[in-house]
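Got your viewer open and ready? Let's take a walk through this one, stop by stop.

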Amino acid sequence: MNIFKFSILGLLLGSTAIHAQDNSKVTITGTLKGANTGKVYLQKFDNKMFKTLDSAEVKNGTFKFSKSLKLPELYGLTVDKEQSPLYVFLEKGQVNVTLDPEKYYRNSVVTGSVSNDLFTSYKQEKDVKIEEFIKKNPASLVSAYVLYRDFSYRLTPEEINQSLQLLDPTLQSTPYVAVLKDLVNVLNAVSIGKKAPDFEGNTPEGKTIKLSDHFGKYLLLDFWASWCGPCRRENPNLVKAYQKYHEKGFDIFAVSLDKSKEAWLKGIKDDNLSWTHVSDLAFWNSAPAKLYGVRAIPANVLIDPNGVIIARNLTGEDLENKLAELLATPLAKTK
């Protein structure tokens, strides 16, 4: 599926309009595969993270939740609070779940939620075009979520706005739309040609430093995390570029979206990342990431010696080629 790490049967929602969210009762009846006892946790999705709301005891392989929740909305079911859960779009009424923890809940089955049926169909499709998807399902919360979660990081501010206009008015008050509207303003503020917003961060040693303290060279502001597989695969390219161009006027200022200091430091050491590092260890609540509208990692911003943004999300050969072009003449002559 050609979307972020993670058509559609529009007829599924052809006659179903999802209105503004309200607190309604939902009953989840489940069967846990592979275990007769234990606990299942009900979690709420919030800014790419899940927060535990409740738990249910597993008895004879079954569990049940009966709860008033904000609906319709995305929730998670898991047997391990430290791992990613099964994503479930819940609606008012009865929802049945066969929860299979193996293979990241891939073989789990959910019935009783039209929204979840649509989400399941979406995940099975390839080359989804977000505008077409929204046009087929304008009133589904799934449309707002997919735009927010899987497409916001790859669209321009203009394209995000165009997609938002296609959503039914009943979705305009949802958290996903609110985040996207704010994101449009942020992305416009950090577009190419704009002055790079300054911020402070804490180094591994606990020292507070500013991004602007490192202006004066071509500076790559790099957003990454030790838990991010694509980031770790890109790091050798950054090491190569740094070694080749650092003495010619290139530097890197890395912001980690880690939540564990130990994991962050180990990632730096293991990947031989010998440049400046900061982190607030806030995961997706990272303040610098929010300031730059980062919705997926790896992500980066290339800043010129005067602190002006000149490129975004350059990786591999594209980054090397850009640096070769910029540093073909002495740095002093570019100011």
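Before the first selection, a term: a polar contact is a pair of N or O atoms within 3.5 Å; within protein, one must be able to donate a hydrogen and the other to accept it, and residues adjacent in sequence count only if both atoms are side-chain atoms. This is a predicted model, where local features need pLDDT of at least 70 and side-chain atom pairs count only at pLDDT 80 or more, while totals for chains, interfaces and linings use all residues. Residues are numbered from 1 along each chain as its sequence is written, and side-chain values use heavy atoms, leaving out hydrogens and water.

**Stop one: S279.** Select S279, in the loop between β13 (276-278) and α8. Helices here are DSSP runs of H or I with at least four residues, strands are E runs of at least two, and both are numbered from the N terminus. Show the side chain: it reaches the backbone oxygen of S256 at 2.9 Å, and the backbone nitrogen of L281 at 2.9 Å. S279 counts as buried, since its relative accessible area is 8% (buried is under 20%, exposed over 50%, partly exposed in between, with a 1.4 Å probe and protein chains only). What is S279 in contact with, leaving aside neighbours within four places in sequence? Look for N202, S256, D258 and W264; contact means heavy atoms within 4.5 Å.

**Stop two: the cysteines.** Now pick C228 and C231, which are joined by a disulfide with S to S at 2.3 Å. The cut-off for a disulfide is a pair of cysteine sulfur atoms within 2.5 Å, and a search of the whole structure finds 1. Turn the view along the S-S bond of C228 and C231: the link is right-handed, with 80° about that bond. C228 is buried at 4% relative accessibility, and C231 is buried at 1%.

**Stop three: helix α5.** Select residues 175-189. Those 15 residues should span 21 Å at 1.5 Å a residue, and the end C-alpha atoms of α5 are 21 Å apart, so the two agree. (The expected span is 1.5 Å times one less than the number of residues.) Colour Y176, V177, L180, L183, V184, V186 and L187, which are buried. The buried residues of α5 pack against several elements, including β2 (37-46), β5 (73-78) and α3 (141-151).

**Last stop: E131.** Finish in helix α2 (residues 130-136), where E131 sits. E131 is partly exposed, at 30% relative accessibility. Not counting residues up to four places away in sequence, E131 touches Q162, S163 and L166.
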